[in-house]
Structure formats: structure tokens, C-alpha cells
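Here is a short briefing on one protein model. Look at the sequence and the structure first, then read the points below.

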Amino acid sequence: MAEGIQGRIRRRRVFSERKDILNMYNDAELVKRYRLDRAGILLVTDFVRDAITPPTGRNRAIPAELKVITTLRYLATGKMQLCNGDDIGMTQQAASKMITQTLDALVTPPAAFISRFVKFPRMQDEIRQRKAEFREIANFPEVVGAIDGTHIRIVAPREYEAEYINRKNYHSINVQVVFDARYRILDVVAKWPGSVHDSRMWNECGLKEGFENGTIPRNCHLIGDSGYPSQPWLLTPYLQPRTEIQEAYNRAHKRMRCVVERGIGQLKRRFHVLHGEVRVSPAKTSQIVMVCAALHNLCKERNLDLPDEPDIDQQQLEDRPEEPNHIQPFVPDGVQGGILYRDNFATLHFQPEQ
């Protein structure tokens with residue numbers, strides 16, 4: 001009998017030692033491992049502290065700072081196994097739960113994290129500054145942002161699997177992103193399956209609605225490639241330039257469009273989770289993209305360096321030949337007006353020098 005009772009006695013739980021990450025590493029080491037310095041990590045934690053702080057101190061409850069650090073490590077590396085073991089001091093299962101909880105909190109409106117760091121300029125002072133920064137690149141006036149789509153590879157989803165197969169024949173979500181001339185993200189949409197064309201994402205996004213209803217001031221333009229419809233606020237290249245004015249417009253347009261390509265490259269270099277196959281659901285992948293976009297802008301705000309990896313060479317981007325867009329964009333009503341607007345814009349601003 002005594003032996004039976006003794007056999008039912010619960011074994012004492014053995015806890016892994018948790019590391020005091022914020023005091024173990026200096027700012028340079030924190031940035032290398034987590035992409036943020038100490039102050040930046042604490043800033044992110046303050047946005048979600050109430051949502052992720054455990055209500056009790058029993059069972060060695062995990063503090064909010066460690067949950068944020070674990071999430072940052074995952075986003076920086078894309079490898080769940082690097083969030084446990086000697087690095088953080090917890091099981092992979094525990095790390096996964098913390099990352100899910102933290103991502104949920106960061107994208108939930110009460111936290112206001114995404115809207116704090118990703119926002120399109122609406123005030124005239126902000127708009128003038130963005131235009132001036134773009135004009136320095138190629139003397140192309142009145143532009144506040146460059147738009148493009150990028151595919152984030154995902155594991156095959158359980159539902160609507162075929163819709164996520166993109167034209168390169170792998171599963172992805174298609175992400176629309178707008179960068180300013182300093183590679184800060186002004187707008188991001190991360191909800192569409194990989195089969196959806198860039199032009200459809202644009203025609204159903206809130207940013208386009210802002211241009212149409214006037215909440216975005218007049219004389220603001222985006223730069224986009226030929227996959228987008230030409231509109232009075234979205235300037236696309238001439239597919240077959242026939243005049244010196246159109247050729248000059250295209251040359252400047254191409255230099256401007258390099259901004260979004262380099263910006264996407266910087267985003268994926270900073271957060272390697274976006275480089276490989278994201279092995280979570282499409283909805284969770286969308287959360288990851290949104291959080292990475294906001295964190296990228298926070299890094300820019302804090303002047304934190306990118307990882308030591310080769311950058312995309314500006315001259316190589318400009319010298320690269322145009323890739324033909326074999327998928328025709330969805331053409332909305334009024335696109336002819338956009339083409340005429342582009343003609344007038346080019347004639348006004350790209351006259352050949354006498």
C-alpha cells in the first residue's frame with residue numbers, strides 16, 4: 001500500500017534556467033540577435049504589456065519582456081528552434097505559445113502598435129518632406145511612395161490550397177507594400193492568396209479609397225510598375241515609349257521604382273522569417289508580415305543597422321532590363337483618364353533640355 005502511494009507522488013518539476021537577456025547583452029549584441037536595442041525592446045513590450053502579462057506569479061510565470069524577446073528572435077531568424085535551449089531557456093512548445101500570444105497582442109487594435117509605426121502621410125508638412133526626398137533620387141516630382149507586391153512563401157494551407165499557388169508555382173501570400181524614399185513602410189496589405197494579381201490588391205485596398213475620396217491630398221502620387229493600372233494618383237511606365245519625353249519619364253520612373261525593390265530587400269534581410277517558408281497558417285503569416293513591417297519602421301526610427309549581409313546594388317537594379325508582365329492587370333473604369341493624366345504629367349515635367 002505504501003509503495004502504491006509513493007508511486008503516485010508527483011515528481012518535482014525541473015525548470016530550465018532562464019536568461020536575463022536584457023542584461024546579458026549590450027545594445028549591439030541585442031540588435032544582432034533581436035533586431036532591436038534594449039530601449040526598443042522595452043518600447044515594444046510596453047505596447048502589449050497588459051495583454052501578455054500573466055495574472056499570477058505562480059509556476060514561474062513568464063514575464064512580458066521575455067515573451068517579446070522570444071518573438072523577436074523568431075522573426076529575426078525564422079527558426080523556432082533558436083527560440084529555445086541555451087538562447088532563451090524554455091521548450092519549443094512554450095516558445096511557440098508565447099510567440100502566438102505576442103503576435104496576437106501586437107496586431108490587436110487596442111495595442112495600436114501597427115498604426116503607430118505604419119501610416120501613410122496625410123499632413124502637408126509630411127507630404128512635402130516625402131516628395132522632396134523622392135525628388136532627390138531622379139528629379140521626379142510629386143511622389144510620396146513606391147508600391148509593389150512581394151510573395152511570402154508559406155506551407156500549403158489546409159483550406160483553399162489552390163488559391164495560394166502563385167504564378168511561380170509555390171504557395172504564398174501576396175503582400176502589397178508602399179515605401180518612401182528612406183525605405184520606411186507607409187502602407188502594407190498582407191491578406192491575399194498568392195494567386196491574386198497586384199492590380200486586384202490595389203483596387204480593393206483602403207489606400208486607393210483614400211486617394212479617390214480625397215482623404216489623401218491632391219497632387220500626391222505613387223510609383224508602380226506596369227502590373228498596376230495607370231491612374232491620376234498611380235504613375236506607371238510607358239510600355240512602348242515613342243517620344244523623348246516618354247523615354248525621359250521612363251528613365252526617371254525606373255530609378256524611383258528601385259526604392260520599393262530595395263525596401264523589400266531590407267525588410268527580408270532584417271527579418272529572416274520572411275525569407276524562407278513560413279510554416280504557419282495564412283492568417284498567422286499575415287500577422288507576422290504586419291508586425292515585421294512595424295518593427296522595420298521602428299528600427300528606422302531608432303537608426304538601427306541592418307544585418308551584415310550584401311545589400312541590393314542600386315546600379316544593378318537600374319541596369320536590369322524590364323521584365324515583361326505576362327498577366328494583364330485588372331483594368332477599372334476610368335483607366336483611360338489615368339493614361340491621359342500620365343501624358344500630361346510627363347509633358348509638364350520631362351521636357352527635353354534645350
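In this predicted model, strands β2 and β3 form a hairpin with five residues between them. Tyr 183, in the turn, has a positive phi of about 65 degrees.

**Strand pairing**
- β2 (residues 172-179) and β3 (residues 185-193) pair in the antiparallel sense over six bridges.
- Within this pairing, Gln 176 has Val 189 of β3 as its bridge partner.
- β2 also runs antiparallel to β1 (residues 143-153), and eight bridges join these two strands.
- Here Ala 146 is partnered by Phe 179 in β2.

**Burial of β2**
- Eight of the eight residues of β2 are buried.
- In a regular strand the side chains alternate between the two faces of the sheet.
- One side of β2 carries Ser 172, Asn 174, Gln 176 and Val 178, the other Ile 173, Val 175, Val 177 and Phe 179, and all are buried.

**Nonpolar cores**
- The largest nonpolar core has 79 residues, and Leu 36, Ile 41, Leu 75, Phe 140, Ile 288 and Leu 295 have the most contacts inside it.
- A second, separate core has 20 residues, including Ile 127 and Trp 233.

**Arg 35**
- Arg 35 sits in the loop between α3 (27-34) and α4 (38-52).
- Arg 35 counts as buried because its relative accessibility is 7%, and the cut-off is under 20%.
- A polar atom of the Arg 35 side chain lies 2.6 Å from the backbone oxygen of Lys 32.
- Beyond its neighbours within four places in sequence, Arg 35 is in contact with residues including Leu 30, Ala 76, Phe 271 and Pro 307.

Conventions
Residues are numbered from 1 along each chain as its sequence is written. This is a predicted model: local features need pLDDT of at least 70, side-chain atom pairs count only at pLDDT 80 or more; totals for chains, interfaces and linings use all residues. Side-chain values use heavy atoms; hydrogens and water are left out. Helices (H or I, at least four residues) and strands (E, at least two) are DSSP runs, numbered from the N terminus. Buried means under 20% relative accessible area, exposed over 50%, partly exposed in between (1.4 Å probe, protein chains only). A polar contact is a pair of N or O atoms within 3.5 Å; within protein, one must be able to donate a hydrogen and the other to accept it, and residues adjacent in sequence count only if both atoms are side-chain atoms. Contact means heavy atoms within 4.5 Å. A nonpolar core is a set of buried Ala, Val, Leu, Ile, Met, Phe, Trp, Tyr and Cys residues joined through side-chain atoms within 4.5 Å. Two strands pair if DSSP finds at least two bridges between them.
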